[in-house]
Amino acid sequence: MLENLRISIQGIWSHKMRSFLTMLGIIIGIASIIAIVSTIKGTSEQIKEDLIGAGNNTVTISLYDGDSTYDAEYGMSSSGAPPLLTTDQKEDVLEMEHVENATFFHTRTYSSSVYYQNTSFQGGTIYGIDNNYLDTCGYMIQAGRGFIQEDYDELRKVALVDGNAAENLFAGEDPLGKTIEIGDDPFTVVGIVQQSDNYQPNISDINEFYEYYQTVIGTVMIPDACWPIAFQFDEPENVIIKADSTDNMSKAGNDAANILNQGISEDSNFKYRADDVMERVRSLQQLSESTNQQLIWIASISLLVGGIGVMNIMLVSVTERTSEIGLKKAIGARKKVILFQFLTEASMLTSIGGIIGVISGIALSRVVAEVSGAPTAISIPAIIGSVLFSMMIGLIFGLLPSVKAANLNPIDALRSE
């Protein structure tokens, strides 16, 4: 085997220009495929980041009344009293496999029940949060403090606001220590929070703007223990879970929804459902990939052309080395030795072309990213597969010339000169 490799490298090196031209089809094909696959992978990751955010892995599970989410602001539903979660259900969700953290919270939107002096907090969101909410949803304390356990135990009327709510409610004043009214009760602002950029989806069109409009107006948070104080009665909770990876988001969300639905009658219109963002991600990714798959097939044609070129040059090589083959067979070389020698040379030729193609493909993907702004991500499996595929091309298209060389009659071969 080592001798065959040495002879193959020597043969390729002795005809450098011819060998390079032979490899050119392989190089172009592999480079094109690597560049296209890198663009597909980069686009898929960009779609995932746009819809989910960069690595937050959170899934929202909301209570639905029929086909729409339940909103306590509209009063009692025609379906009756909504279900309330039990402590056991919350503990079961927190102990689930693939769940790193979970938060249970109340929420109201478009509320005009928050005031600072004569300024109304119209169009924003109010949350009644537990002590896991800030960590699960990626909020950081910018100023002041967050909620502490005593705030929950002693039912302290304290509040947190984000930067948008601070601007809309306080018009440039420092909100810390200020008193706002929620319902008819005064709450003291003790902290300003800001959500990490990683937890904020990129808004690229007007529909996405409306979906996240409430966060643009601002957010006010109070301890969930104080929610009945501000709104006079218990309300059902929504849930956000943080999965251990993006791939496990759908499973973790659906499993958590199943736990929350325990105890709810099958005939009830109330059901908890996970917002399966990953399903939307997969749909958009499949649409993108289906288009690019056609480009891969087109690029593969150059590999076929490259394989035919390899077969052609190997047939020429067999003709040129007929005398050498005859001499080897005359001194006792078996058919399989000759066969493996030419198969090795063909495989070496295409493998070198494959490696050069991979390097060219990585460089090409970087150029495409710089010129067009399209995201790219190098795929290691695609690189390994490309090199192995190029070797396979060498074996397939080198087989005919190798068999021809192995079947040469040694006497006829020696007379060829």
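Is D255 buried, exposed or partly exposed? D255 counts as partly exposed, because its relative accessibility is 28%; buried means under 20% relative accessible area, exposed over 50%, and partly exposed in between (1.4 Å probe, protein chains only). The model is predicted, so local features need pLDDT of at least 70 and side-chain atom pairs count only at pLDDT 80 or more, while totals for chains, interfaces and linings use all residues. Residues are numbered from 1 along each chain as its sequence is written, and side-chain values use heavy atoms, with hydrogens and water left out.

**Confidence**

- The protein chain has a mean pLDDT of 77, and 74% of its residues reach 70 or more; pLDDT is the predictor's confidence in each residue, from 0 to 100.
- Confidence is highest in helix α5 (residues 149–153), at a mean of 95, and lowest in helix α7 (residues 206–211), at 44. Helices (H or I, at least four residues) and strands (E, at least two) are DSSP runs, numbered from the N terminus.
- The pLDDT is below 50 over residues 203–214, a stretch that has 15 contacts in the model beyond near neighbours in sequence. Contact means heavy atoms within 4.5 Å.

**Nonpolar cores**

- The largest nonpolar core has 23 residues, and those touching the most other members are I61, V93, F104, V239, I241, L260 and Y272. Such a core is a set of buried Ala, Val, Leu, Ile, Met, Phe, Trp, Tyr and Cys residues joined through side-chain atoms within 4.5 Å.
- Two or more residues of this core come from each of β1 (58–65), β3 (99–109), β12 (238–243), α10 (249–260) and β13 (270–274).
- Helix α10 gives the largest share, 6 residues.
- L260 is in contact with I61, L85, Q89, V93, F104, V239 and Y272, leaving aside its neighbours within four places in sequence.
- A second, separate core holds 22 residues, among them V114, A165, C226 and W227.

**Salt bridges**

- The structure holds 8 salt bridges, each defined as a side-chain nitrogen of Lys or Arg within 4 Å of a carboxyl oxygen of Asp or Glu.
- K90 and E237 meet through their side chains in one of these, at 3.1 Å from N to O. K90 lies in helix α3 (residues 87–94) and E237 in the loop between α9 (227–231) and β12, so the pair ties together parts that are 147 residues apart in sequence.
- K90 is partly exposed, with a relative accessible area of 23%, whereas E237 counts as buried at 7% relative accessibility.
- R108 forms a salt bridge with E235, and their closest N and O atoms are 2.4 Å apart. Because R108 lies in strand β3 and E235 in the loop between α9 and β12, this pair ties together parts that are 127 residues apart in sequence.
- R108 counts as buried at 13% relative accessibility, and E235 is buried with a relative accessible area of 4%.
- D255 is joined by a salt bridge to K251, with 2.7 Å between the closest N and O atoms. The two residues are 4 apart in helix α10, so about one helical turn separates them.
- K251 counts as partly exposed, at 45% relative accessibility.
- R145, D151, E154 and R156 belong to one network, joined by salt bridges that share partners.

- A nonpolar patch on the surface is formed by M17, F20, L21, L24 and I28, which together have about 470 Å² of accessible area. Patches are made of residues with over 30% relative accessible area and no salt bridge; like charges are joined within 9 Å, and nonpolar side chains (Val, Leu, Ile, Met, Phe, Trp, Tyr) within 5 Å. Accessible areas come from the Shrake-Rupley method with a 1.4 Å probe, and for residues only the protein chains shown count as cover.
- M17 lies in helix α2 (residues 16–52) and counts as exposed, at 57% relative accessibility.
- I352 lies in helix α13 (residues 335–372) and counts as partly exposed, at 28% relative accessibility.
- I352 and I26 are 326 residues apart in sequence, with 9.3 Å between their C-alpha atoms.
- Leaving aside neighbours within four places in sequence, I352 is in contact with I12 and M23.

**The loop at N131**

- N131 is in the loop between β6 (125–129) and α4 (133–136), and is exposed with a relative accessible area of 51%.
- The C-alpha atoms of N131 and Q149 are separated by 7.7 Å, the two residues being 18 apart along the chain.
- N131 is in contact with Q149 and Y152, leaving aside its neighbours within four places in sequence.
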